[in-house]
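This report examines one protein model, with attention to its strands, its core and its pocket. Please keep the sequence and the structure in view while reading.

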Amino acid sequence: MKRNSKKNKKIRNLVLVCTLTAILLTVSTYAWFIGMKTVKVNEFEVKIATTEGLFLSMNGVDWSYNLDAKNAAAYTGNANQWLTGSKEGLIPVSTVGDLDKTSSRMKLYEKGSLTTTKGGYRLLASRVNNYTNKVKISEQEYNEFVEGDGYVAFDLFVKNLSGDEYYVENNVDNEEAIYLTYDSTVTVGQGGSAESGIQNSVRVAFTQIGRVIATTTDQAKITGINCTGDENPREDTAVTGICRNATIWEPNDTKHVANAINWYKKSCLKRTGTASTFTYADSDNACGTVVDGTASPTYAIANPLEVGSFVDVYDGTNFNGFDGNTQAYATYASSDSKETAKLVDYDYFTDTEKSARGNARNKFMTLAPNSITKLRVYIYLEGQDIDNYDFAQLGKTIKVNFGFTKERFTDDQGNADGFDYNGPALVTGDDNA
């Protein structure tokens, strides 16, 4: 019995990395197109749990297996944003997950102006200012940049004690795979309306800023981790800058409520011509089909859209058929001139990928062993999502639950996936697999 108990404990230590649960937002959403009102947040709760071998912290000093992120002690000068006070309210933004190396912040874009067109809405967009204004405490200035309005953002430090070796190099081949748990979901919370579809335009982005060796105890060094890192790092003192593009989860990727579909059918028309010389089809020439149960792409904003951009919110092969302002994510990622891109068919990590079993299960991200990694987490509404339409704000509440695991296979998949496993059930953290 004692041996089995130790075995189960060991298995648990290998399985669950961390779980973020019960993010409850009470909202009346700010529609991307018209912008009726901002999202009002009356409740917001973030709880994180983990097992032995991996610890969580909001200040780089106090480490634990369980964490209430909003109420845990955070480090002085942090730029965490919980949508309270003057920043209360969710406002749809758009991003392809690029990081600004100078500010160690994700690049986001907000609506700058909007004009109705015959077949949609002409969109101008500016970059959210989260890269020039630093946090100040009294007369002391900290190297932390203030986030913009309308989304959630916070620093989370993860200490991974897996293995004894520490790799200074920023190389994913030295890191271990992390999977999104099967029970990760985004739904409408109590008092909300699922028929509005607001839950289908939520995104959760994870940016890895940098890391240090797990034995580091200097709080200033841990909290001061940034994208740049040390110019000539050594293993015992190194700050390794990571600054990778964000891993962004798109929940409910195949779900589209009838109201969102009907709005799209009424407002979108085929577009032809060039970006500056274009025409819209007659009302009987429908755009591409959006069907509940089938995923639709999101042509997210990659750069500021200024006067002369001639971007329609429905631009894209799958919608109004016009591809002059859009490109595939693979093309964008490999381009040497990213600053000219307008809209990108972004490659999210979707619920469809999350649900894959066995060998088909894809990793969500990777973490280095024997390290402390600084993550910055963003929770936002993607304005370019086809489900973000004018009346989605009636949904009022959003509830987000997600977690991570190192385990690719779960015990109940033994026979289902052809492994012919007939032993006792394992105790795992991914128990809803």
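Which residue in β15 is the bridge partner of R211?

## Basis of the report

The model is predicted: local features need pLDDT of at least 70, side-chain atom pairs count only at pLDDT 80 or more, and totals for chains, interfaces and linings use all residues. Residues are numbered from 1 along each chain as its sequence is written, and side-chain values use heavy atoms, with hydrogens and water left out.

## Overall composition

The protein contains 6 helices and 25 strands; these are DSSP runs numbered from the N terminus, with helices (H or I) of at least four residues and strands (E) of at least two. Of its 433 residues, 53% are buried, where buried means under 20% relative accessible area with a 1.4 Å probe, protein chains only.

Contacts are heavy atoms within 4.5 Å. Among contacts between residues at least 6 apart in sequence, 75% join residues at least 24 apart.

## Strand β14 and its partners

Strands count as paired if DSSP finds at least two bridges between them. β14 runs antiparallel to β24, with 11 bridges, and antiparallel to β16 (residues 247–250), with 3 bridges. With β15 (residues 240–241), β14 pairs in the antiparallel sense over 2 bridges; here the bridge partner of R211 is T240.

F206 stands opposite V377 in β24 and opposite T247 in β16. Both V377 and T247 are also among the residues that F206 touches, as are F364, F402 and F404.

## The nonpolar cores

A nonpolar core is a set of buried Ala, Val, Leu, Ile, Met, Phe, Trp, Tyr and Cys residues joined through side-chain atoms within 4.5 Å. The largest has 32 residues, of which V204, F206, W249, F364, F402 and F404 touch the most other members. Elements giving two or more residues to this core include β14 (202–213), β24 (371–381) and β25 (397–405). A second, separate core of 31 residues includes V128, C243, A246 and I248.

## The largest pocket

On a 1 Å grid over the protein atoms alone, a pocket is an open set of points where a 1.4 Å probe fits, with protein on both sides within 12 Å along at least five of seven lines; lining residues have an atom within 4 Å of a point. The largest pocket holds about 450 Å³ of space, a volume being the space filled by probe spheres set on the points, which are joined across faces, edges and corners.

Of its 19 lining residues, A246, T247, K363, F364 and M365 are the closest to its centre. β14 gives the most to the lining, with 3 residues.

Note on methods: Buried < 20%, exposed > 50% of the residue type's maximum accessible area, 1.4 Å probe, protein only. Lists of a residue's contacts leave out its neighbours within four places in sequence.
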